[in-house]
Amino acid sequence: MVPAPREVLLFTLEGQRYGLPMEDVRELIRAVRLTPLPRAPDVVEGLLNLHGQLLPVLDLRRRFRHPARPLSALDHLIIAQAGPRQVALRVDRAEGLRVLSPGEWDETPRELPGVGYVAGAAKLEDGLVLVHDLRGFLSEAEALELDTALATSAERP
């Protein structure tokens with residue numbers, strides 16, 4: 001049986017390309033002002049109000065060890081599903097959807113130590129792109145800390 005092609009959303013951060021499985025992506029929007037979320041884990045950049053729903057914005061720069069920089073009107077926000085939680089990811093630019101043939105997909109990277117949130121790699125003609133699995137992006141401690149911060153912010157008038 002031939003594996004089905006995979007659809008991946010490619011995006012850039014500090015000139016580096018990354019990917020997300022398309023089944024985790026809900027929508028793309030231009031960056032807007034974020035609301036700070038006190039007591040949130042360091043990986044949370046703030047809150048986004050999207051159609052009345054408050055979404056944590058995850059700081060990919062911090063997670064991927066890129067230098068911090070202020071929010072720009074040119075940034076994109078990827079609204080995605082991270083396990084049971086919907087989140088926003090601030091990226092420099094969403095490049096678009098790429099359909100990967102079975103020969104362009106490699107699951108080997110997810111078995112390497114220290115890459116718990118990598119689903120695999122796209123082997124493209126212009127280089128390798130790590131595709132991230134958001135279900136493991138937040139550690140259990142970070143998820144609990146985020147839940148507490150969200151609950152605390154909801155209690156405030």
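Mentor: Start with pairing: two strands pair if DSSP finds at least two bridges between them. Strands are DSSP runs of E, at least two residues, numbered from the N terminus. This is a predicted model, where local features need pLDDT of at least 70, side-chain atom pairs count only at pLDDT 80 or more, and totals for chains, interfaces and linings use all residues. Residues are numbered from 1 along each chain as its sequence is written, and side-chain values use heavy atoms, without hydrogens and water.

Trainee: How many bridges join β10 to β11?

Mentor: Six. β10 (residues 118-124) and β11 (residues 127-132) run antiparallel. Ala121 stands opposite Leu130 in β11.

Trainee: What is the strand order in the open sheet?

Mentor: β8-β1-β2-β11-β10-β9, six strands with mixed pairing. β8 (93-100) and β9 (105-106) stand at the edges, each with a single partner strand, so one side of each has no neighbour in the sheet.

Trainee: Is Val25 buried or exposed?

Mentor: Buried means under 20% relative accessible area, exposed over 50%, partly exposed in between (1.4 Å probe, protein chains only). Val25, in strand β3, has 10% relative accessibility, so Val25 counts as buried. Its C-alpha is 4.3 Å from that of Ala80, 55 residues apart in sequence.

Trainee: Which side chain of opposite charge is nearest to Asp24?

Mentor: Lys and Arg count as positive, Asp and Glu as negative; His and the chain ends are not counted. A salt bridge needs a side-chain nitrogen of Lys or Arg within 4 Å of a carboxyl oxygen of Asp or Glu. For Asp24 the nearest is Arg135, 4.1 Å away. Asp24 is buried yet has no salt bridge. Asp24 sits in the loop between β2 (16-21) and β3 (25-30).

Key
Helix = DSSP H or I, 4+ residues; strand = E, 2+ residues; numbered from the N terminus.
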